[in-house]
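Okay, thanks everyone for coming. Have a look at the model on the screen, and then I'll walk you through it.

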Amino acid sequence: MAAVRRGLITTLVTGGLVVALTACSSSGDAPEEKTGGPLKVGAILPHTAYAGAGEALVSAVDVAVEEINAAGGVNGGKVELKQVDSTDNNDTAVQAVDSLVTWGSNVVIGAYGSGMSGAIVSKITESGALQVSGSNTSSSLTGINPLYFRTAPTDALEAAKLADLVVQDGHATAAIIAQNDAWGQAFQKSMVESFTAAGVEVVAQQQFNTTDTDYSAQVDAVVAAKPESIVLLSYASYSGSMIESLVGTHGFTDKNLYLSNSTLGKYTIKPSLLKGLRGFLAGPDPAVEAEFDKKLLAKNPNLKSFAYAGSTYDAVIVSALAAIAAKSADGKAVAAKMAEVSGGAEGSTKCKAFKECADLLAAGTKVDYDGLSGGLKFASNNDVTETAYNLYAYDDKGSYAVAP
Amino acid sequence: MTPSKAIRWLLAVLALACVLALPSPAAAAPADEWGFRGLLRDGEKQPVSGAAVQVKDGDTVVGSDTTDDKGRWEIIPVPGPGTYTLTIDTTAASGHFAGDEYEVDKELVESPTTLPVLNVVVSTTESSQQVASFTDRLAQRAVSGFNLGLLIAIAAIGLSLVFGTSRFTNFAHGESVTFGGLTGFVLAHVLGLPLLLAAAVATVLGGFFGYAQDVAFWRPLRRRGVSLITLMIASIGISMAIRSLMQFSFGSASRGMTEESWGTVTLGPVVMPATSYAGMGISIVVLAGVGLWLKHGRIGKATRAIAGNTALAATSGVAVDKITRIVWVLAGALAALSGVLLGVFNQVSFDMGFNLLLLMFAGVILGGLGTSFGTLAGSIVVGLCTEILVLWIPADMKYVGGLAVLVIVLLVRPQGIFGRRERIG
Amino acid sequence: MDIIWNSLRELITPTTAAYALAAIGLNVHFGFTGLLNFGQAGFVAIGAYGFAISVMTFGFSTPLAIAVTLVLAAGYALLLGVPTLRLRADYLAIVTIAAAEIIRFALNSSAFAKWTGGANGLYNEYSGWLKGSNPYPSGVVTVGPWTFGSNDLWIATVDWLVVLLTAGAIYLLVRSPWGRVLKGIREDEHAMLSLGKNVNLYKLQALVIGGVIGAAAGILYVQPTSVQPFDFATRMTFNMYTMLILGGAATVFGPILGSMIFWVVMRFTDELVNLGVDGGLFDNVTQGSQLRFVLVGVALVLLVVFRPQGILGNRTELSFDAK
């Protein structure tokens, strides 16, 4: 009984404080206009989840902000950055978003997965900030909010390129192994659509969970369907044993095993198994890409895969440019200029780096930023178009380069 | 145009939903970039050369080409997006097609997510798709399941022994498996030791890891006389702490254990890497050794005595504390070995053991808590169910098979397959 | 100073409220009855998915969807309880954890993606009823030192009302004769048997009540965000145990206080990590975040060993330290 009373008191004191604060709460439509202040960039990316696939994105945001500030910042002030851990759970992610919103972010970069972006988009945009993701590819996010942008290409075009390659190699049947998450599911759907359009019969589709102890069930099931070709839609982190099994044990080769952008990465398996395997990566120029990867590795030497790092970098750069064009750090004002700086304006000048673009903007010229993820342009629904793809292939040392 | 008997399939008019959502005139390609190219094959997957290919817009012929000796025709340009009819006439083709004609409708869509030139495969006859027979698939899955079952068993025996002597369910046991996998990776991949040597060293280090856990956490807690449920909840905390620490030091990525390859063994329909068979061999030898030791060894007998009745064992002169320590060492070593084998079977990552933990629990409980032979049998049942049931259920639900068998068996026989009745009380 | 206010904001967020409610449900199982339910996340998942699917796929009205969801949860509790309650405590723990994982794997599978959205989960198209009745001005609302989105604050208000009402009901329930029987079962099952009480029936009732509260928490949990299968992993249940032991198992307000402290500390450690990164303590921000979970794990161990009764609990009235 005493315990109950004590508990009641303690809880009521804690709660009472809250109620008291609520009672004297003031309310307003929006926080003070932050036009004069510095551009505050928040980033919600996974630091502890998804087998490290998000870590390159974290470094990419660091690199982008450093480059912006080295080039003089935005509207006369340095860009401020706050990175928080999204984990893979909504509960901690929502917390992290709260802290970004309270901090006063004008732009929020993230989230990593399409599913999580759907969970946090209303929270971010309600605060008047704009959300730019460099890695959301699910078509269900298209046009979800006027303040939501993404610089990652939807996988549909890559799927079309892969289907084209499969037909070019002379295959009429294919099997798909896909990672069971937002990215993998959306890609798999696009892949099936592209194969159907090309007349390629999909004879087996298998999904795997990233927490499973092994993927032999999936590999065996697609092998049992005896496809002429297999497309592997999985992160490099999970693909090692599947490539070992498909190439080493089941005799698939670089002529009938195809990789997705995220499957291209660094492996610790025998390099001869990887030799010749191909996949498409978005990006204009392989040399620029290699240079960028070096910068990321300088930030975090443990990085294994770089998928979506370029588009996340672009997400930061393009929103900073939009802020310069808008002469304001206010989220809505920045959002209004996003399409323009990506090449939506008539007679704009193409530019490739932040400094170059910022100088042009300062001189009063309209710019068309084409970033690391290839040509970058926001369509009316804030999705990105104009992506360029290059075909990459592994050499005999286990690293990949643009296919000859 | 006479409709051919072969016009029966591939009338695919595509309804790409995203097309509607993505009107982007700015992205339009120049008109001369639109077109069709493709490949013509027969039912035996062989290219058909010399066939005439026409692209028609309604009844108007837009362009034509002839397939080359690889069965390909090059880009036939069309003025722009829209639905076109591809007509293929095999009159002049090599082979025995008797002038069959094929017709396929294909749509070119103006969208940033499709290509302006569509690469098309057309087959002259429906190819007879060969698939592996059900028994072949079953055999392959059974061997995989047996392999997984042995892996679970090696790890789970330790869990079961710890339960027998310390009486609590150790949620941190998965981390001992992870420890073995990560140590094996460092030894085999980073230091370049041969796989077998790396496995042996990792197993010994795993023993030390088990010993360290006992000294650092469990002995002090036993001395404090905390309850079993407290121990269980503490083990959850320890599991979380160790797992995050491993992530901190090892990183989040999964990695292949070794570049070493022993080749592939084909036994009838079952194709597996030789390392998997070697792993199974090692598992069986180790499991048999542990079984014999428990049954006939002096310490093994003492272990069973403690599991049976701790107080009685203590009064009969069994050094309970010493035996408990030995059991922790053994549990750590076996878990580490299991981690190495799992790493060879698949990959190593900071949460590999944690992901296996629930299947270990299932194996232990299915066999009857605290009985070693039962644990072995239970683990193999769990492994087989997990891998075989994917023939019927989607592979991304495969753990459901292993866990469901646990729930179902407990409904019928709460003490597990080999457990004694009084254990459930 | 900022980081302290930032962290304290977690006291009243909807997530804290939803976790508090789920932990209240778990407290009925574990604290008051001594049932070692390690699958509370399964009940929360049933609540979240049951509600979202009822509204989005079947187009049920909100009250009907809530009713269907709670009935579903009660059915699941019966399904789970009838065969397993006669098992020993740690068997129950593993069966409940296995059942919760079965549910999560099924929800996560692409096989049922038509209804569940598979690994994508379900986007929020089900909380119109709450947002529609929002009395707060739209946009951003300032509460003391904190700012909230208007909808968030409204959801938080509703959530906390539900939490307080439930806590009140539990307060009455555990002081009733029924509650005293539960405690009796927890302390000495055989004594209650010899008094002629149908122990299994009481346990089953407790399992159903706690499970239904867990499902209600699931409904609240997904209102401000979306439904995502990964949220309902074992970590959710473990978090709840931490809260329960932190606040004090077998107390009425323990789970609420536990949830508040848990989330404030989680936020605080994240802010600390950020400071550490700024100060050059970590090479990169990801490593710091990993250390945060080491702290959570260690905290759970220290708590359960050195203060198993938690902040509000009474050492003499302990459900799980008695043996």
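Predicted model: local features only at pLDDT ≥ 70, side-chain atom pairs only at ≥ 80, totals over all residues.

Residues are numbered from 1 along each chain as its sequence is written, and chains are lettered from A and ligands numbered from 1 in the order in which they are written.

Chain A, then. We have 13 helices and 17 strands here; helices are DSSP runs of H or I with at least four residues, strands are runs of E with at least two, and both are numbered from the N terminus. Chain A has 404 residues, and 65% of them count as buried. Buried is 20 or more other C-beta atoms within 10 Å of the residue's own, exposed is 12 or fewer, partly exposed is in between, and the C-beta atoms are placed from the backbone. If you take the contacts in chain A with a separation of 6 or more, 70% of them join residues 24 or more positions apart. A contact, by the way, is two C-beta atoms, placed from the backbone, within 7 Å.

Nine residues of domain 1 are in contact with nine of domain 2, and on the domain 1 side that's two nonpolar, seven polar and no charged. For those classes, Ala, Val, Leu, Ile, Met, Phe, Trp, Tyr, Cys and Pro are nonpolar, Asp, Glu, Lys and Arg are charged, and the others, Gly among them, are polar.

Let's zoom in on Ile44(A), in strand β2, residues 40-45. Is Ile44(A) buried or exposed? Ile44(A) has 29 C-beta neighbours inside 10 Å, so it counts as buried. Lys82(A) is 38 residues away from Ile44(A) in sequence, but 8.7 Å away in space, C-alpha to C-alpha. Leaving aside neighbours within four places in sequence, the contacts of Ile44(A) include Val84(A), Leu100(A), Gly110(A) and Ala111(A).

Keep an eye on those last two. The peptide bond from Gly110(A) to Ala111(A) is cis, with omega near -5 degrees, and Ala111(A) is in the loop between β4 (107-110) and α4. As background, most peptide bonds are trans, and most residues other than glycine have a negative phi.

On the phi side, Asn75(A) isn't a glycine, yet has a positive phi of about 50 degrees. Asn75(A) sits in the loop between α2 and β3, and counts as partly exposed because it has 18 C-beta neighbours inside 10 Å. Lys327(A) also has a positive phi, about 55 degrees. Lys327(A) is in the loop between α11 (309-326) and α12 (331-341), and with 13 C-beta neighbours inside 10 Å, it counts as partly exposed.

On to the interfaces. For A with B, 61 residues of chain A are in contact with 60 of chain B, and the chain A side has 19 nonpolar, 29 polar and 13 charged.

Next, the largest nonpolar core, with 373 residues. A nonpolar core is a set of buried Ala, Val, Leu, Ile, Met, Phe, Trp, Tyr and Cys residues joined through C-beta atoms within 7 Å. Which residues touch the most other members? They're Ala320(A), Leu321(A), Ala155(B), Leu21(C) and Val44(C). The largest share, 17 residues, comes from helix α9 (320-345) of chain B.

Last stop, chain B. Domain 1 is 17-123 and domain 2 is 134-245 + 259-424, with 57 Å between their C-alpha centres.

Methods:
Domains from an automatic or database assignment.
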